[in-house]
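Reader: I have a model open and a few things to ask about it. Can we go through it piece by piece?

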Amino acid sequence: MSSLPLAPVTAPLVNATRFRAAHEADWARLEELVGDLEKRSIKSLDEDDLLALPVLYRTTLSSLSVARDTSLDRSLIAYLEQLCTRAYFQIYGVPTPARQQVEIFFSDSWPNAVRALWKETLICALLTVAAAWVAYLLVQSDPGWFFAMIPEGLTSGRDPSASAEFLRGTLYDSGGDGWLMTFATYLFTHNSQIAIFAFALGFAFAVPTILLILYNGLMLGAFFAVFATKGLAFNFAGWLMIHGTTELFAIAIAGAAGLRIGTAVAFPGQLSRMESAVEAGRISATAMAGTVIMLAIAGLLEGIGRQTITDDVSRYLIGTLMIVGWTTYFYLWPARNARNGE
């Protein structure tokens with residue numbers, strides 16, 4: 001008995017009209033979204049569109065695969081290839097122009113990162129105030145505490161033994177003899193180091209960060225006590241406000257970034273310590289990048305404002321405007337996309 005010949009195996013046929021009718025709506029929506037991205041930016045898409053974009057892309061890739069395997073008409077295959085290529089570059093391959101990256105950083109990424117760290121920033125601010133108050137009381141009760149808190153190179157003669165006339169002169173000196181500028185540079189460099197180390201050492205369960213924030217507050221309170229004892233508290237505060245509102249705010253944010261990383265390492269929750277640290281590091285690094293800008297602005301104010309603006313009212317006005325401006329920018333500016341887990 002002879003066996004029947006085997007029929008050749010062929011790929012299942014797909015009706016091109018039915019195939020197009022079943023998937024054309026997804027292709028059209030993907031093309032619309034890709035077109036919006038090409039003409040404008042990712043901000044032109046709402047939340048539903050952003051969620052749908054990768055799904056539509058994978059669906060269209062699947063359609064292209066079927067079209068190729070079943071030898072559908074070449075025009076359809078060419079259309080799907082072009083659409084998939086455009087979608088790929090919008091999702092994965094198109095680098096954001098440098099100008100747009102800068103715009104996104106200042107309008108979105110940096111303020112949202114700082115806003116997400118508001119609790120840690122408040123903690124750092126409170127620690128600074130508490131330490132300053134303790135140092136003020138200690139130096140008022142015993143001036144010897146001043147020398148235990150302040151490095152010798154940072155005093156430049158501003159210590160409990162200085163006369164009121166000398167201290168007043170340091171607040172209003174134009175800097176012509178150079179020593180005041182040297183002191184200002186030293187002070188700015190010191191505070192910048194505090195900010196950087198407060199962030200960088202956060203991984204050690206945030207303990208070094210807290211100690212640095214406390215130490216900075218002690219120094220602030222010790223200096224304030226020296227001037228307050230000689231009846232110059234109001235004058236010293238005005239002298240400090242020109243750059244200090246920006247600089248101290250920057251240190252608080254840097255400390256907050258360090259605290260976020262430290263607490264993520266100490267209390268990782270459901271994640272591993274590494275995963276928790278990486279997640280916290282994204283927000284913290286963005287906030288710290290902006291802190292460098294704040295320190296640079298404080299440096300400009302340090303070099304220009306304090307030596308040229310000797311009127312107390314103007315000093316207070318500049319300091320107040322700076323703190324109000326930073327607070328508004330970070331916490332009160334409307335219509336900002338929360339991308340950093342605020």
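This is a predicted model: local features need pLDDT of at least 70, side-chain atom pairs count only at pLDDT 80 or more; totals for chains, interfaces and linings use all residues.

Reader: Is Thr70 buried or exposed?
Author: Thr70 counts as buried, because its relative accessibility is 19%. Buried means under 20% relative accessible area, exposed over 50%, and partly exposed in between, with a 1.4 Å probe and protein chains only.

Reader: Where does Thr70 lie?
Author: In the loop between helix 2 (47-69) and helix 3 (74-93). Helices are DSSP runs of H or I with at least four residues, numbered from the N terminus.

Reader: Switching to helix packing. At what angle do helix 4 and helix 13 pack?
Author: Helix 4 (residues 98-116) and helix 13 (residues 312-332) pack at about 90 degrees, and their axes are 8 Å apart. That makes the two helices roughly perpendicular, a label for angles of 65 to 115 degrees. Axes are lines fitted to C-alpha atoms, for helices over the stretch in contact, and angles run from 0 to 180 degrees between N-to-C directions.

Reader: Which residues meet there?
Author: From helix 4, Phe106, Trp110, Pro111, Val114 and Arg115; from helix 13, Trp326, Tyr329, Phe330 and Tyr331. Contact means heavy atoms within 4.5 Å.

Reader: Trp326 again: what does Thr246 touch?
Author: Thr246 touches Met294, Ala298, Leu301, Met322 and Trp326, leaving out residues up to four places away in sequence. Thr246 is in helix 11 and counts as buried, at 0% relative accessibility.

Reader: How many residues does helix 5 have?
Author: Helix 5 (residues 118-141) has 24 residues and reaches 35 Å from its first C-alpha to its last, close to the 34 Å expected at 1.5 Å a residue. The expected span is 1.5 Å times one less than the number of residues.

Reader: What do its buried residues pack against?
Author: The buried residues of helix 5 pack against helix 4, helix 6 (144-149), helix 10 (207-229), helix 11 (233-266) and helix 13. Cys124 is one of those buried residues, with a relative accessible area of 0%.

Technical notes:
Residues are numbered from 1 along each chain as its sequence is written. Side-chain values use heavy atoms; hydrogens and water are left out. Angles under 35 degrees count as roughly parallel, over 145 as roughly antiparallel, 65 to 115 as roughly perpendicular and the rest as oblique.
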